[in-house]
Each structure stands twice: as C-alpha cells, then as structure tokens.
Amino acid sequence: MKNVPNGFPEGFLWGGAIAACQAEGAYDVDGRGLSTSDLRCYTKGFDRANIEKEGGDTLAGIRATVADTESFFPKRYGIDFYHTYKEDLGLMRELGLRAFRTSVSWSRIFPQGDEEEPNEAGLAFYDRLFNEIVADGMVPVITMSHYDIPLHLVTEYGGFANREVIKLFCRYAKVLLERYHDLVKHWIVFNQVNLLPTVRFGSLGLYDDQAENMEELMYQAVHHQMVAAAQTKLMARRIDPTLHIGTMMADGTFYPATCRPADVVLTMQKNRMQYFFTDVQLRGEYPVYALRYFKEHGYDIKILPEDEELLHDNTMDFLGISYYSSKIVDSDVNTIAPFEASQNPNLEPTPWEWRADPLGFYNSISQYWDRYEVPIMIAENGFGALDEVEPDGSIHDSYRIDYLRKHVEQLRECVKDGVDVIAYLSWGPIDIVSSSSAEMSKRYGYVYVDRDDFGNGSQKRLKKDSFYWYQHVIQTNGAEL
C-alpha cells in the first residue's frame, strides 16, 4: 500500500527561475546575433491591465525596429547578468537555492540560426555559467528556447512555420546536449509551448502579416516545435540516457463563470484545447478532439506519418508548469479561441490584472497529475509588484510573501495527495525585465536590482524581506511557511 506523504520529500528542489532574454543583456557581445526578444521596446504610460501581446510586428515593422536607434529596448540590457552572474549566483547560494533555472540564448550559439558551426564565444559563456551554478550547490535546469529565436530565422525563414527550422533547432539542441550533458540533467525544450497567441512572435517566430489565417499558422508552427522536441528527446536518449527532457505549459485551466451547462461545457472544451499540447507530448499522439477542432475550423495542419511515429516513440519525461493566476469562462461573452477568457470577480486584481488564486494552483496541478501521472516541475510561480525601497535600503514586500506562502501551502497539499512534484522554481529570485510588459517596475525577485525602466540606476542588489522568508522555507524543507 502507498504511504500518504506528510510534506515535501527529502532533497526537494527548492529553486528559482529566470530567462536569458530578460536577464543577460550584452546583446551585442561575443558574437551574439539579434533575437526576437531584442525588438521589444519600452513605452512609458502604457496600459498595464491590457497587454494583448508580447512584441511582434509586420515584417516591414520588424525591419524598421532593427534600424531604430532612438527607442529603448530593455531586454537588450536585462540586469547585465552576462557580467554579474557570479555575484548574483552568490546571492542565490546565500538564499539556499537547490536548483536554478535559466535559458540559453539561441543567438549566442548560432547568431543567425542557420550557421553550420556554433559560436564558440557564446558556448564559453555557458561553460562558465553552468559550472558556476553547480559550484554554488544548485542543480541547473536549462530551457533551450525561451522567447529568444534568432531574428534571421524570423525574417528569412518565417520562424517555426517553416519546417526547415526544425532541422536548425535540432542542430542547436544537439550542440547543447553533447557539450553539457555531464553538467545539466534537466532540460526544458520550449518555454510555455501553449501560450498563444500572446507570444507567437517570441515563441514561434511568427510576424503579424505572415498569413491570412494566423491561428492555423500558429498550430502548424507548434506542431513543428513538438516534432523538434521529440527529435531532441531522441537525441538525448542516444547521447546520455540519464538526461531528463521536459515540456512546459503556461497554465490555462479555466473555471466556468456559473453552473449553467453552457458555461461548464465551453470551459471543458477550452481546457481540453490547453491539454492538447501535453496530450501530444506526454501521451504521444494527437487527440481526436483537437483534430476535430482543426477540421471544423478548416485548418490544414500538415502532420507527416513520420511525425506521428516520432511523437509516439519520444514522449517527454516531465511536465513543467508556470502558474500565476486564473480566469473564468462565460459562454455569453467568451469563445473557444486560445486564452480568451474573463476575469474572476471573486479575486483581487494587481495593476497588471493578474488575479491571485492559490486554490487554482492546487486545482491545476491536480488536473495535470490525474491526467498524465508524470513528474511535475513548477517551473514558474511568483508575484510581480511595484516594490518601494526604504531610506535604509530595506524592501518590505509582505504582499509577495503572502502570495508565495499561500501557493506553497497548496503545493504541499498536492504532495500530500501523492503528486510527484520534483521542484518549485519561483519566478524570478532576482528582479529582471518583465516578459509581458518589458519594464523593470514589475518586480518578482527576492533580490532588488536598482535599475529603472530605462536602464538607469546604481545596479546595486538589495535583499527584500521575502529573501529571508524563502531562505527559511528552504531550510525547513517547506515545513515552516
């Protein structure tokens, strides 16, 4: 008979997560090429509550942005982690992190994306970074593609809409696996593979006027990503069978607005179209409900017989989940369109309209576990807020502690239910440029970085109250929150 756990298992991976495109900076250093992340400019006075998409433009607009020398592009500079990683990882060591998630900037390794040979200077940086993570006592969890596609692959190939990009990505993935398999055992192939259409530019490399039917093109591009992930899993198995290759979802589990059958059924259908991504990658085949959705919408998704065999034989080893908030579905106002939903009036908004829902965390993880029973990694969970530095340099972020405490409590409930949760990687342990809004003002970290939305500041690192709270959580293995 199975035992009922009392709490988090011994050796649980308490950690934190960042992304290269939001932290590293040094966009023009050591041969790095431009990537999709480098084109997101910061605009003062934007509407934080209504951010429809993260970057992107028409093809002509993209080329105009490349030539723009007036605007400020925060992700080109990040927090200068490229040069401060030793100091920053030292703070993570002091915090007590057991795992650290970051990503590789694809255009550091293949500046244009289609070169035959990798950029050795870019690889040398990750040699140093990954060794430092391990030396600081942390398990590296590395994402291969985190909204950071070489721009050349967008403008000249059309991103992942072009099947040729599968081969180019796999060339890149092979370099990473062969070089780092002794250091890095946990790999996430694509960050938040389902977060469409919000990040179709950064995630898929699609530009706004690329096709008349953009949703069809998105699903075709996602198919190519899933094929690339399966090929990556196949390569990993051959290179080093001890490697763990995972997929990652931005949680999109919705509630029905009411108990009206129409609300309940539409919610089920929308949730199922979120599970579609993991059904393919964890069960190994396209579910009929998704094929029906494509057929009824007139979408011609080209799935080759060899793709089906590859997907079936190379399912992912674990599921990474990012979770921040939840939404509801009202059949009178919402549709089946991806990630289109309503705000829950029972939850309090933040300035960015991300409504915290700790019970939704428990609900979502439980649904994924019941459906797949594969190891689950919380790849992101955190609270973006406007922090204030006191005259003495302290930052009293009780709101962040409250959010994180309530979510870790619900994660512990999942563990007690028997869910195999292998890691909790909070987003992000140090302040970085926001992915959604390209601002520094939206801060998640336990460590404050003195840098404003236009890159000004002393760059000093300051510990917030949450630093000491999370330090104690790790020390007690989640027993004391």
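Author: Strand β5 (residues 244-250) is largely enclosed by the rest of the structure, because six of its seven residues are buried. Buried here means under 20% relative accessible area, exposed means over 50%, and partly exposed is in between, with a 1.4 Å probe and protein chains only. Strands are DSSP runs of E with at least two residues, helices are runs of H or I with at least four residues, and both are numbered from the N terminus. The model is predicted: local features need pLDDT of at least 70, side-chain atom pairs count only at pLDDT 80 or more, and totals for chains, interfaces and linings use all residues. Residues are numbered from 1 along each chain as its sequence is written, and side-chain values use heavy atoms, with hydrogens and water left out.

Two strands count as paired if DSSP finds at least two bridges between them. Strand β4 (residues 186-190) pairs with β5 in the parallel sense over three bridges, and there His186 has His244 of β5 as its bridge partner. Met248 stands opposite Gly320 of β7.

Strand β2 (residues 99-103) is also mostly covered, with five of its five residues buried. Ala99, Arg101 and Ser103 point one way from β2, while Phe100 and Thr102 point the other way. Strand β1 (residues 13-17) pairs with β2 in the parallel sense over three bridges, where Phe100 of β2 is the bridge partner of Gly16. Strand β3 (residues 139-145) and β2 are joined in parallel by five bridges, and Val139 of β3 is the bridge partner of Ala99.

Next come the salt bridges. A salt bridge is a side-chain nitrogen of Lys or Arg within 4 Å of a carboxyl oxygen of Asp or Glu, and by this rule the count is 33. One of them joins Asp88 to Arg461, with the closest N and O atoms 2.9 Å apart. This pair links distant parts of the chain, since Asp88 is in helix α3 (residues 81-95) and Arg461 in strand β12 (residues 461-463), 373 residues apart. Both Asp88 and Arg461 are buried.

Arg260 takes part in salt bridges with two aspartates. With Asp263 the closest N and O atoms are 2.9 Å apart, and with Asp332 the N to O value is 3.2 Å. Asp332 lies in the loop between β8 (328-329) and α13 (358-372), and Arg260 in the loop between β6 (255-256) and α10 (261-283), so this pair ties together parts that are 72 residues apart in sequence. Asp263 is buried, at a relative accessible area of 0%. Arg260 counts as partly exposed at 34%, and Asp332 counts as exposed at 59%. Elsewhere, salt bridges that share partners join Asp387, Asp397, Arg400, Asp431, Arg443 and Lys464 into one network.

For the protein chain as a whole, the secondary structure comes to 15 helices and twelve strands. Buried residues make up 60% of the 481 residues. Among contacts (heavy atoms within 4.5 Å) between residues at least 6 apart in sequence, 78% join residues at least 24 apart. Along its principal axes the C-alpha trace spans about 60 × 55 × 50 Å.
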